[in-house]
Amino acid sequence: MTRRRALGATVAAALVAALGAGCTEGQPPGATDVVDPGSPAAQPSPTPSLPAAPLSGKPVPEAVATRQAVAVPLRVTARTTPVGLAEADLVYQEFAESESLHLTAVYQSRDAARVGPVAEIRPVDIRTVGVLHPFVGYAGGPTGFLDQLAGAGVPGVTPAQRKAAFPSGQASTAALRQAAPKGGQAPTQVFDHADAGTPLASQGVTPASRLTVAAPGHPTQTWTYDEASSTWRGKVGKATVSAAAVVVLTMEYRTLNVRKPSPRSLPGAKVYGSGTAVVVSGPSSVAATWRKPGQRLVCNVIDPGGYQVRPQPGTAWVIYAPETARVNVA
């Protein structure tokens, strides 16, 4: 259509509209014009948010957030170089015999190709992870400890039972998942992780850059805050490890007398009960209290205001410190 024809059509349309308007009856009082708004403009689809992993608080796909956790006990000495700890969501530390550490590493949001050295099962493992419903990869253990594991209803496997789950003598979390019975339950959330800008506690928070834990008969363990990565770094055996939070729970230790297969005595942390705690996460620390009534109940860490401590999302390293240990924050 030429520009003139377009103009003529416009004038004609205007005349028709005017004539039509002149023949229209007046609207009754109070009536309003109803205008068809047409189809709404298309809106961009919102980006779906990922759920938070129950143990780390980090965003993960739904299939990962709902899967079962895997736990592996490790024995670490000053000459040991443990592997696989960087991928753990939780690491629980018990001060064991002969200056060694007994660790319980729990994996849910991430997998580790190798975890080791794999250790025997101990009561601290059973009492700590029972609430998390994990599948455990372990290296056997004394008869009494194995009976406790079976009685607690915590499933697991040893290298002798499933060699493929322990390539080169070390555990593979993916292989352990394949060995686990179907229908495993996702773990219970342990910590109420902080959102961006949320303080570590409702009150009593102080700046922190260094944490030391000195247990009798063991080298002093030192953790320092790394501002660049916003993590706390320490040394375990010959390996440097990092965590978003370090939680020190002070508790009673008892002597465990093993009879089979060979007599020996071991120190054991009494993880049921209550006591004092120190938590560092981000550049902050808080003195708190802890309480865990039993195996199937979460250990709550409470700040001076009576609220849950809220560490940063990521790996949490939980230290079971004997009552004779010296814990200092600077």
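Start the tour at proline 261, which sits in the loop between β12 (253-258) and β13 (264-269). Helices (H or I, at least four residues) and strands (E, at least two) are DSSP runs, numbered from the N terminus. Select lysine 260 as well: the peptide bond joining lysine 260 and proline 261 is cis, with omega about 5 degrees.

Before moving on, a word on what you have open. It is a predicted model, where local features need pLDDT of at least 70, side-chain atom pairs count only at pLDDT 80 or more, and totals for chains, interfaces and linings use all residues. Residues are numbered from 1 along each chain as its sequence is written, and side-chain values use heavy atoms, with hydrogens and water left out.

**Backbone stops**

Next, select glycine 116 and proline 117, which are joined by a cis peptide bond with omega near 5 degrees. Proline 117 belongs to the loop between β3 (101-107) and α3 (123-129). Most residues other than glycine have a negative phi, and most peptide bonds are trans.

Now go to serine 98, in the loop between β2 and β3. Its phi is positive, near 55 degrees. Is serine 98 buried or exposed? Serine 98 is exposed, at 64% relative accessible area (buried means under 20%, exposed over 50%, partly exposed in between, with a 1.4 Å probe and protein chains only). Then pick serine 168, in the loop between β5 (156-157) and α5 (173-179). Serine 168 has a positive phi too, of about 60 degrees, and counts as exposed at 76% relative accessibility.

**An aromatic pair**

Show the rings of tyrosine 225 and tryptophan 232. They form a tilted pair, 5.6 Å centre to centre with 50 degrees between the planes. Here, rings of Phe, Tyr and Trp (its six-membered ring) pair if their centres lie within 6.5 Å; planes under 30 degrees apart count as stacked, over 60 as edge-to-face and the rest as tilted. Tryptophan 232 is buried, with a relative accessible area of 0%.

**Pockets**

Rolling a probe the size of a water molecule over the atoms shows where empty space is left. On a 1 Å grid over the protein atoms alone, a cavity is a set of points where a 1.4 Å probe fits but cannot get out, while a pocket is an open set with protein on both sides within 12 Å along at least five of seven lines; lining residues have an atom within 4 Å of a point. Grid points are joined across faces, edges and corners, and a volume is the space filled by probe spheres set on the points.

Select Leu101, Pro219, Lys235, Val236 and Gly237: of the 16 residues lining the largest pocket, these lie nearest its centre. The largest pocket holds about 270 Å³ of space. β9 gives the largest share of its lining, three residues.

For the second largest pocket, select Lys58, Arg110, Pro313, Gly314 and Thr315, which lie nearest its centre among 19 lining residues. The volume of the second largest pocket is about 230 Å³.

**The cavity**

Finish with Tyr92, Val190, Lys292, Cys299 and Tyr320, nearest the centre of the largest cavity, which 17 residues line. This cavity has a volume of about 160 Å³. Which element gives the most to its lining? That is β11, with three residues. The lining divides into 15 nonpolar, one polar and one charged residue (Ala, Val, Leu, Ile, Met, Phe, Trp, Tyr, Cys and Pro count as nonpolar, Asp, Glu, Lys and Arg as charged, and the others, Gly among them, as polar).
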